[in-house]
Amino acid sequence: MTGARVSWLNGGAALLALATSIGAAALAGHRPAARAATATAPAGAENPATVTDASGYPVAVRPFRRIAAGSTVADRLLLDLAEPQRIVALTEFGQRHSLVGYRYGDRLLIKSLDDTESLLALKADLLLVNNYGDQARVARLRESGLAVFDLGEMRGTATLLPNIRAVAALLGDSARGAAYERALLQRLERVAAPLAGQSRRRAMYVSIYGDRLFGGTAGTNYHDILTFAGLDDVAAAHFQGWPQYGAEDLLTLDPPLVVTRPGMRRLLCGQPELDRLRACAAADGFVEIPGALLDDPGPALLDAAEAVFAAAYPDVGKPSRR
């Protein structure tokens, strides 16, 4: 079955069409409390016996040998934390768009979680998903003996760090997860170190989906990327989550720098009134980063932060990766 395609739908496609998949509360600029899985070891124990997922479902830790990922975050965490022989399937979306797609090898690729029969045919013993809402399907999969673990929402470091701990605990190696988490945070904190006390540029993330303007600020990976890239997210004081903006919102905030996806400068500055933005008038007013990288709420946000930093501060030295 090398290279076979199994169906996948959980977060991956939404990364490139986020505005159509977020809830009404987020559109209004309100951020509900993020849900993430938790792993808590009993006193004196190195690894927990049970890990509770974001839906509150407890999964007993055992020697999982056939593990599948149903989201891009789960893809990357398995590739980074699990022994290769334990990974039976990853997502098709991740293989096509991830910076580390070459690491997917010839594993089975999942295209949609709606195809229950194909998922069962994997004969996996653990399936990792993010914010999977179809509880009837989840129940059927669990009844078949497949442990389905919901890692919860994907909001950048606020949920990624608990996800790292949960996946490492499920793999039976919490120490490996702790070391990975430390290394990731250290590298993120070093991205803007070359600024060495220089003032941060004021910026915001905004993009166009259809005929609407959407942002990503406090409580999302976009805010994390801007912050770790040494930028001051001007939207964070007024909005949370993934707000929908009007032209007046952007003109009021009037960021000197806009971080966005390729081609957005032309589209944004071509909108009525938005050509008055300071960013539109400045040669260095836009940083455009590939969407598959900028939208990824997993460990790739390190790569995104480095790319944004390099573009926003071209005359400042590169951060050390040591």
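Student: Which residues is N221 in contact with, leaving aside its neighbours within four places in sequence?

Tutor: N221 is in contact with R155, G156, L294, D295, D296 and P297, where contact means heavy atoms within 4.5 Å. This is a predicted model, in which local features need pLDDT of at least 70 and side-chain atom pairs count only at pLDDT 80 or more, while totals for chains, interfaces and linings use all residues. Residues are numbered from 1 along each chain as its sequence is written, and side-chain values use heavy atoms, with hydrogens and water left out.

Student: Why is N221 called buried?

Tutor: Buried means under 20% relative accessible area, exposed over 50%, and partly exposed in between (1.4 Å probe, protein chains only). N221 has a relative accessible area of 3%, so N221 is buried. N221 belongs to helix α9, residues 221-228; helices (H or I, at least four residues) and strands (E, at least two) are DSSP runs, numbered from the N terminus.

Student: F228 is also found in helix α9. What makes F228 buried or exposed?

Tutor: The relative accessible area of F228 is 18%, and therefore F228 is buried. Leaving aside neighbours within four places in sequence, F228 is in contact with T157, L188, E189, V191, A192 and A305. F228 and A305 are 77 residues apart in sequence, but their C-alpha atoms are 6.0 Å apart in space.

Student: Why is N131 called partly exposed?

Tutor: The value for N131 is 37% relative accessible area, so N131 is partly exposed. N131 is placed in the loop between β8 and α6 (135-143), and has a positive phi of about 55° although N131 is not a glycine.

Student: What makes α3 oblique to α7?

Tutor: Helix α3 (residues 72-81) and helix α7 (residues 157-170) pack at an angle of about 50°, with their axes 10 Å apart. Axes are lines fitted to C-alpha atoms, for helices over the stretch in contact, and angles run from 0 to 180 degrees between N-to-C directions. Angles under 35 degrees count as roughly parallel, over 145 as roughly antiparallel, 65 to 115 as roughly perpendicular and the rest as oblique. Therefore α3 is oblique to α7.

Student: Which residues meet where α3 and α7 pack?

Tutor: V73, L77, L78 and L81 in α3 meet L160, N163, I164, V167 and A168 in α7.

Student: How do you know that C269 and C280 form a disulfide?

Tutor: A disulfide is a pair of cysteine sulfur atoms within 2.5 Å. The S to S distance of C269 and C280 is 2.0 Å, and a disulfide joins them. The structure holds one disulfide. The pair links distant parts of the chain, with C269 in helix α11 (residues 264-269) and C280 in helix α12 (residues 278-281), eleven residues apart.

Student: Why do C269 and C280 count as buried?

Tutor: C269 has 18% relative accessibility and therefore counts as buried. C280 has 15%, so C280 counts as buried too.
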